[in-house]
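Colleague: I am new to this structure and would like to go through it slowly. Could we look at it together, one question at a time?

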Amino acid sequence: MPGKIMRIATALMAVIIYCSCTKKTDLALDEPGKTPPADTSVVPENKVDRNALLLLVNGLRSRGCNCGTEQMPAVSPVTWNGLLERAAYDHSKDMVLNKYFDHTGLNGSTPGARLDAAGYKWNYYGENIATGSLDEQAVILGWLNSPKHCHNMMDAKFTEIGIGRYNNDWTMELGRRSIAN
């Protein structure tokens with residue numbers, strides 16, 4: 001047990017986390033009760049345990065949690081989306097290869113623009129990024145212990161996620177699809 005505690009403490013000290021949220025106002029809101037089909041394709045080169053990530057995030061969402069000083073209620077689970085995963089993986093890879101750490105790409109791209117490029121038709125999105133020698137549990141724990149990242153994971157507006165890792169950089173894309181085409 002002491003080894004595991006030390007590993008988690010080391011991971012938390014090493015993690016640098018940052019988040020972004022926005023709402024797209026030029027697309028119609030989802031129709032109540034209608035859920036668009038999920039894209040369940042995956043990114044083969046993305047070496048993450050998708051099931052573990054979904055279990056961790058949905059475990060938090062099913063119980064509710066404290067995000068800093070704010071008590072967040074339980075919310076519906078999210079599903080994995082391959083388009084979000086693609087955008088997340090590509091952003092993590094771009095940050096590593098071009099040696100930067102930010103939501104804005106060196107080419108000026110924003111998270112929303114990257115989701116558009118991946119083919120994800122969104123009306124609401126959020127993005128968490130992290131860096132460090134982390135596994136799935138440590139990266140989710142790091143985001144959980146940061147109020148802004150925690151709020152992203154607990155936001156009931158999000159219905160889908162995709163997480164990408166390249167080397168030590170992680171990106172979580174959260175979204176809600178627009179029904180409008």
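Colleague: At what angle do helix α3 and helix α4 pack?

Modeller: This is a predicted model, in which local features need pLDDT of at least 70 and side-chain atom pairs count only at pLDDT 80 or more, while totals for chains, interfaces and linings use all residues. Residues are numbered from 1 along each chain as its sequence is written, and side-chain values use heavy atoms, with hydrogens and water left out. Helices (H or I, at least four residues) and strands (E, at least two) are DSSP runs numbered from the N terminus, and axes are lines fitted to C-alpha atoms, for helices over the stretch in contact, with angles from 0 to 180 degrees between N-to-C directions. The axes of α3 (residues 82–97) and α4 (residues 111–118) are 9 Å apart, and the two helices pack at an angle of about 125°.

Colleague: Is α3 parallel, perpendicular or oblique to α4, and which residues of α4 do the α3 residues meet?

Modeller: Angles under 35 degrees count as roughly parallel, over 145 as roughly antiparallel, 65 to 115 as roughly perpendicular and the rest as oblique, and the angle here therefore makes α3 oblique to α4. Taking contact to mean heavy atoms within 4.5 Å, Leu83, Leu84, Arg86, Ala87 and His91 in α3 meet Arg114, Leu115 and Ala118 in α4.

Colleague: Which cysteine is joined to cysteine 67 by a disulfide?

Modeller: A disulfide is a covalent bond between the sulfur atoms of two cysteines, and here it is identified as a pair of cysteine sulfur atoms within 2.5 Å. A search of the whole structure finds one disulfide, and it links distant parts of the chain, with one cysteine in strand β2 (residues 65–67) and the other in helix α6 (residues 147–154), 83 residues apart. With an S to S distance of 2.0 Å, the partner of cysteine 67 is cysteine 150.

Colleague: Why is the disulfide of cysteine 67 and cysteine 150 called left-handed?

Modeller: Both cysteines are buried, cysteine 67 at 2% relative accessibility and cysteine 150 at 0%. The disulfide is left-handed because the torsion about its S-S bond is about -65°.

Colleague: How far is the sulfur of cysteine 65 from the closest cysteine sulfur?

Modeller: Cysteine 65 is also buried, at 12% relative accessibility. The closest cysteine sulfur belongs to cysteine 150, but the separation is too far for a bond, at 3.7 Å.

Colleague: Which side chain makes a polar contact with the side chain of asparagine 46?

Modeller: Asparagine 46 lies in the loop between β1 (16–23) and α2 (50–63), and at 2% relative accessibility it counts as buried. A polar contact is a pair of N or O atoms within 3.5 Å; within protein, one must be able to donate a hydrogen and the other to accept it, and residues adjacent in sequence count only if both atoms are side-chain atoms. At 2.8 Å, the side chain in polar contact with that of asparagine 46 belongs to glutamate 85.

Technical notes
Buried < 20%, exposed > 50% of the residue type's maximum accessible area, 1.4 Å probe, protein only.
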